[in-house]
Amino acid sequence: MSSHTSWKVPSEHREDPAYRAAGRRMDFAQTVYDRRSALGWSTAELARRADISEEDVDAIEESSVEPTLELIERLATALEARARIDPRSGGWSFR
């Protein structure tokens, strides 16, 4: 028998600004990781290209950094991509 944990988030929590901010950070982190991985780059390579520390890249990919416009622009340039943000879905992409 396998066990599976299912998390149910009450609807009132989904509207909490802190919950929404955490979700944005997680989506951004995944998008940066996915693009970096697709390019076959290490965190060190992205750090070098973005002129930030490798620790900063790690923090971004661990959802510990709030994505500011300056950071998004810097990473889009470094990742040789255009950033796209969909405020309705909270989704991110680098293409």
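Predicted model: local features only at pLDDT ≥ 70, side-chain atom pairs only at ≥ 80, totals over all residues.
Residues are numbered from 1 along each chain as its sequence is written. Local features need pLDDT of at least 70 and side-chain atom pairs pLDDT 80 or more, while totals for chains, interfaces and linings use all residues, and side-chain values use heavy atoms, without hydrogens and water.

Helices are DSSP runs of H or I with at least four residues, numbered from the N terminus. Those that cover the buried residues of H4 include the following.

| Helix | Residues |
|---|---|
| H2 | 17-39 |
| H3 | 43-50 |
| H5 | 69-78 |

H4 itself spans residues 54-61, and Val57, Ile60 and Glu61 are buried in this helix (under 20% relative accessible area, 1.4 Å probe, protein chains only). These three residues lie on the same side of H4, because they cover an arc of only 90° around the axis (taken from the directions from the helix axis to the C-beta atoms). After H4 comes Ser63, with a positive phi near 70°.

Arg36 belongs to H2 and counts as buried because its relative accessibility is 9%. Its side chain makes a polar contact of 2.7 Å with the side chain of Glu61 (a pair of N or O atoms within 3.5 Å, one able to donate a hydrogen and the other to accept it).

The axes of H3 and H5, lines fitted to C-alpha atoms over the stretch in contact, come within 8 Å and cross at roughly 110°. H3 is therefore roughly perpendicular to H5 (65 to 115 degrees). Leu46, Arg49 and Ala50 in H3 meet Arg74, Leu75 and Ala78 in H5, with contact defined as heavy atoms within 4.5 Å.

Terms used: Buried < 20%, exposed > 50% of the residue type's maximum accessible area, 1.4 Å probe, protein only. Helix = DSSP H or I, 4+ residues; strand = E, 2+ residues; numbered from the N terminus. Axes fitted to C-alpha atoms, helices over the stretch in contact; angles between N-to-C directions. Parallel < 35°, antiparallel > 145°, perpendicular 65-115°, else oblique.
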